[in-house]
Amino acid sequence: QVQLVESGGGLVQAGGSLRLSCTASGTIFSINAMGWYRQPPGKQRELVATITSGGSTNYADSVKGRFTISRDNAKNTVYLQMNSLKPEDTAVYYCNADITRSTGRSSGYWGQGTQVTVSS
């Protein structure tokens, strides 16, 4: 079994900051790419940022320069530092990880989601 548990969401005023965390646990051999996605109210889930096991990052244009993704491989944890938040960043944020289990099989896993609300 593999679980991803997110934390750090909440309510913040426009211009504020939040830091999301996501920790993977279970029968993990290795974690490949990790990432954050979000689903705004009434819209489809969209990519926010990804990071490879080697630390290469990729961002959606809408968050470049404001959000920073990072990871601690020793803790199986990925972070999303969100600065200069805007009301349009309001969404449920989901963690995703491509994990190789001890069986040698790789699969994608999702966290349960954490709500981020930015007030104007």
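By contact I mean heavy atoms within 4.5 Å. Hi everyone, let's start with that term and one threonine.

What we have here is a predicted model: local features need pLDDT of at least 70, side-chain atom pairs count only at pLDDT 80 or more, and totals for chains, interfaces and linings use all residues. Residues are numbered from 1 along each chain as its sequence is written, and side-chain values use heavy atoms, with hydrogens and water left out.

So, which residues does T100 touch, leaving aside those up to four places away in sequence? They are I28, F29, S30, N32, R105 and S106. With N32 there is also a side-chain to side-chain polar contact of 3.4 Å; that term takes a pair of N or O atoms within 3.5 Å, where, within protein, one must be able to donate a hydrogen and the other to accept it, and residues adjacent in sequence count only if both atoms are side-chain atoms.

T100 sits in strand 9, residues 91–101. Strands here are DSSP runs of E, at least two residues, numbered from the N terminus. Because its relative accessibility is 10%, T100 counts as buried, meaning under 20% relative accessible area with a 1.4 Å probe, protein chains only.

Now to the cysteines. A disulfide is a pair of cysteine sulfur atoms within 2.5 Å, and by that rule the count is 1. C22 is joined to C95, S to S 2.1 Å. C22 lies in strand 3 (residues 18–26) and C95 in strand 9, so the pair ties together parts 73 residues apart in sequence. The S-S torsion is about -80°, so this disulfide is left-handed. C22 is buried at 0% relative accessible area, and C95 is buried at 0% too.

Thanks, everyone!

Definitions and conventions:
Helices (H or I, at least four residues) and strands (E, at least two) are DSSP runs, numbered from the N terminus. Buried means under 20% relative accessible area, exposed over 50%, partly exposed in between (1.4 Å probe, protein chains only).
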